[in-house]
Amino acid sequence: MQQNNQNQETSLWYPPGGILIWMIVLVEVLTFCLGIGSLLYDKSKDPSGFLMMQSQLTKTFAFWNTIFLLSSGFCIALAVFYKTKLKLNHFSILLSASIVFGFAFLFLKFYEFREKWNLGFDLDGNVFFSYYWLLTGFHYLHVVVGVIILFFIYISRKTISFENLEAGAVFWHMCDLIWLLLYPALYLIQ
């Protein structure tokens with residue numbers, strides 16, 4: 001019976017974290033891709049207007065947010081690895097680091113949001129900033145949920161099932177992936 005269970009868990013139809021989390025990832029990534037596609041389409045109709053508004057973004061903040069999220073993703077990947085090796089101290093330290101980097105992203109992004117809002121770049125100001133607020137705001141909510149998931153993993157780190165740990169890590173990596181799509185679309189591509 002245990003051999004059959006192992007085969008099920010390593011099959012294509014039973015990916016890390018279970019099929020449900022991957023269905024969620026697929027829907028979320030497609031949603032963001034549609035939003036980014038719409039942004040790029042509207043940008044093609046008014047490239048100079050978008051470029052002027054894009055110049056109001058702080059690329060340094062976006063760069064550091066990328067570093068924070070990728071570092072957090074790396075830490076959770078290592079944490080999962082150490083959990084498989086039953087090195088619980090390493091697992092706990094890396095899980096904590098992942099949460100700290102997640103909070104660093106949220107703090108810096110909130111600071112950027114506040115700065116843009118205070119400069120008058122709100123949701124209704126222009127098309128570019130409408131996309132900025134909708135896409136980055138929706139991503140911000142995903143990161144908040146991801147940090148909460150990581151926190152619950154930390155609280156139950158001694159008893160959490162490996163499937164639930166993997167599901168949380170997959171959700172967190174989805175936040176990384178979405179940011180890696182948003183970062184160039186909003187901040188870099190001119």
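**Notebook: contacts, salt bridges and a surface patch**

I began with Leu57. Setting aside neighbours within four places in sequence, I found Leu57 in contact with Glu112, Lys116, Phe128, Phe129, Tyr132, Leu186 and Tyr187. Contact here means heavy atoms within 4.5 Å.

I noted what I was working with. This is a predicted model, where local features need pLDDT of at least 70, side-chain atom pairs count only at pLDDT 80 or more, and totals for chains, interfaces and linings use all residues. Residues are numbered from 1 along each chain as its sequence is written, and side-chain values use heavy atoms, with hydrogens and water left out.

**Leu57, continued**

I placed Leu57 in the loop between α3 (47-54) and α4. Helices are DSSP runs (H or I, at least four residues), numbered from the N terminus. Is Leu57 buried or exposed? Leu57 counts as buried because its relative accessibility is 8%. The cut-offs are under 20% relative accessible area for buried, over 50% for exposed, and partly exposed in between (1.4 Å probe, protein chains only). I also checked Leu57 against Leu165. They are 108 residues apart along the chain, and their C-alpha atoms are separated by 35 Å.

Next I looked up Phe61, which lies in helix α4. Phe61 has a relative accessible area of 15%, so it is buried. Beyond its neighbours within four places in sequence, Phe61 is in contact with Leu108, Tyr111, Glu112 and Glu115. I took one of these pairs further. Phe61 and Glu112 are 51 residues apart in sequence, yet 7.2 Å apart in space, C-alpha to C-alpha.

Asn65 is also in helix α4, which covers residues 59-84. Asn65 is buried, because its relative accessibility is 0%. Which residues does Asn65 touch, not counting residues up to four places away in sequence? I listed Ala104, Phe105, Leu108, Lys109, Glu112 and Trp179.

**Salt bridges**

I then turned to charged pairs. A salt bridge is a side-chain nitrogen of Lys or Arg within 4 Å of a carboxyl oxygen of Asp or Glu. How many salt bridges does this rule give? The count comes to three.

- Lys109 pairs with Glu112, with the closest N and O atoms 2.7 Å apart. Both residues lie in helix α5 (residues 88-118), three residues apart, about one turn of the helix.
- Lys116 and Glu115 meet through their side chains at 2.9 Å, N to O. Lys116 counts as buried, because its relative accessibility is 1%. Glu115 has 26% relative accessibility, so it counts as partly exposed.
- Asp42 and Lys45 meet at 3.5 Å, N to O. They are separated by about one helical turn, because they are three residues apart in helix α2. Asp42 is buried, with a relative accessible area of 18%, whereas Lys45 is exposed at 56%.

**Surface patch**

Last, I looked at the surface. Ile19, Leu20, Trp22, Met23 and Ile24 form a nonpolar patch there, with about 470 Å² of accessible area together. Patches use residues with over 30% relative accessible area and no salt bridge; nonpolar side chains (Val, Leu, Ile, Met, Phe, Trp, Tyr) are joined within 5 Å, like charges within 9 Å. Accessible areas come from the Shrake-Rupley method with a 1.4 Å probe; for residues, only the protein chains shown count as cover. I picked out Leu20, which is in helix α2 (residues 19-45). Leu20 is exposed, because its relative accessible area is 57%.

Notes
Helix = DSSP H or I, 4+ residues; strand = E, 2+ residues; numbered from the N terminus.
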